[in-house]
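Welcome! Please take a moment to look over the sequence and the model below, and then we can walk through them together.

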Amino acid sequence: RNYHQGPEWLWPTGFFLRALLKFDLMRKEGKAESTEAFQQITRRLEGCKIAIRESPWAGLAELTQKNGEFCGDSSPTQSWSAGCLLDLFYDAKELAKE
């Protein structure tokens, strides 16, 4: 089995998007450029939104195969994966105030 030999872990997505948003906003000037940063994050979340809608548990998997394909060794839903995205939404809310 390949559990630790190549599957894509989902939980780092939240940390990546949090960093992308924070550092992208640091280099933006004005409302229009800031709006573009938030739109970029929204576009990158599309796959996660689809996964949540299609999941019988309304959650995000622990990990996937290449390109988000199903991984039989994965937990079908994992709080860590969702929790990292909740942190992203919290950060976005706080950063939007600035």
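**Starting at Glu8**

Setting aside neighbours within four places in sequence, Glu8 is in contact with Leu63, Thr64, Gln65, Lys66, Asn67 and Gly68. Before we go on, please keep in mind that this is a predicted model. Glu8 belongs to strand E1, which covers residues 8–9.

Let us look at what the side chain of Glu8 does. It reaches the backbone nitrogen of Asn67 at 3.3 Å. A polar atom of the Glu8 side chain also lies 3.5 Å from the backbone nitrogen of Gly68. Glu8 and Gly68 are 60 residues apart along the chain, yet their C-alpha atoms are separated by 7.4 Å.

Asn67 deserves a visit of its own. You will find Asn67 in the loop between E2 and H4, and it counts as exposed because its relative accessibility is 64%, where the label needs a value over 50%. Its backbone also has something to show: Asn67 is not a glycine, but its phi is positive, at about 60 degrees. For background, most residues other than glycine have a negative phi. Ala58 is another residue other than glycine with a positive phi, in this case near 50 degrees. Ala58 sits in the loop between H3 and E2 and is exposed, with a relative accessible area of 53%.

Now follow the loop between strand E2 (63–64) and helix H4 (79–97) to Ser74. Is Ser74 buried or exposed? Ser74 counts as buried because its relative accessibility is 13%, and buried means under 20%. The side chain of Ser74 reaches the backbone nitrogen of Glu62 at 3.3 Å. Apart from neighbours within four places in sequence, the contacts of Ser74 are with Ala61, Glu62 and Leu63.

Along the principal axes, the C-alpha atoms fill a box of roughly 50 × 25 × 20 Å. The chain has 98 residues, and buried ones make up 31% of them. If you take the contacts between residues at least 6 apart in sequence, 55% join residues at least 24 apart.

How do the helices meet? Two packed helices are described by the angle between their axes and the distance between the axes. Let us begin with helix H1 (residues 12–27) and H4, whose axes come within 7 Å and cross at roughly 15 degrees. That angle makes H1 roughly parallel to H4, because angles under 35 degrees count as such. The crossing of H1 and H4 is right-handed. On the H1 side, the residues involved are Thr13, Gly14, Phe15, Leu17, Arg18, Leu21, Lys22 and Leu25, and they meet Trp80, Cys84, Leu85, Asp87, Leu88, Asp91, Ala92 and Leu95 in H4. By class, the residues of this contact of H1 with H4 divide into 10 nonpolar, 2 polar and 4 charged.

H1 has another helix to meet, namely H2 (residues 30–44). The axes of H1 and H2 come within 9 Å and cross at roughly 165 degrees, so these two helices are roughly antiparallel to each other. H1 passes H2 in a right-handed crossing. Phe16, Leu17, Leu20, Leu21, Asp24, Leu25 and Arg27 of H1 make the contact, together with Glu33, Ser34, Glu36, Ala37, Phe38, Gln40, Ile41 and Arg44 of H2. The residues of the contact of H1 with H2 divide into 8 nonpolar, 2 polar and 5 charged.

Our last stop is the pair formed by H2 and helix H3 (residues 46–54), whose axes come within 4 Å and cross at roughly 40 degrees. H2 and H3 are therefore oblique to each other. Their contact is made by Thr42, Arg43 and Arg44 of H2 and by Glu46, Gly47 and Lys49 of H3. Which classes of residue does the contact of H2 with H3 hold? It has no nonpolar residues, 2 polar ones and 4 charged ones.

Key. Residues are numbered from 1 along each chain as its sequence is written. This is a predicted model: local features need pLDDT of at least 70, side-chain atom pairs count only at pLDDT 80 or more; totals for chains, interfaces and linings use all residues. Side-chain values use heavy atoms; hydrogens and water are left out. Buried means under 20% relative accessible area, exposed over 50%, partly exposed in between (1.4 Å probe, protein chains only). A polar contact is a pair of N or O atoms within 3.5 Å; within protein, one must be able to donate a hydrogen and the other to accept it, and residues adjacent in sequence count only if both atoms are side-chain atoms. Contact means heavy atoms within 4.5 Å. Axes are lines fitted to C-alpha atoms, for helices over the stretch in contact, and angles run from 0 to 180 degrees between N-to-C directions. Angles under 35 degrees count as roughly parallel, over 145 as roughly antiparallel, 65 to 115 as roughly perpendicular and the rest as oblique. A crossing is left-handed if the near helix is turned anticlockwise from the far one by less than a right angle, and right-handed if clockwise. Ala, Val, Leu, Ile, Met, Phe, Trp, Tyr, Cys and Pro count as nonpolar, Asp, Glu, Lys and Arg as charged, and the others, Gly among them, as polar.
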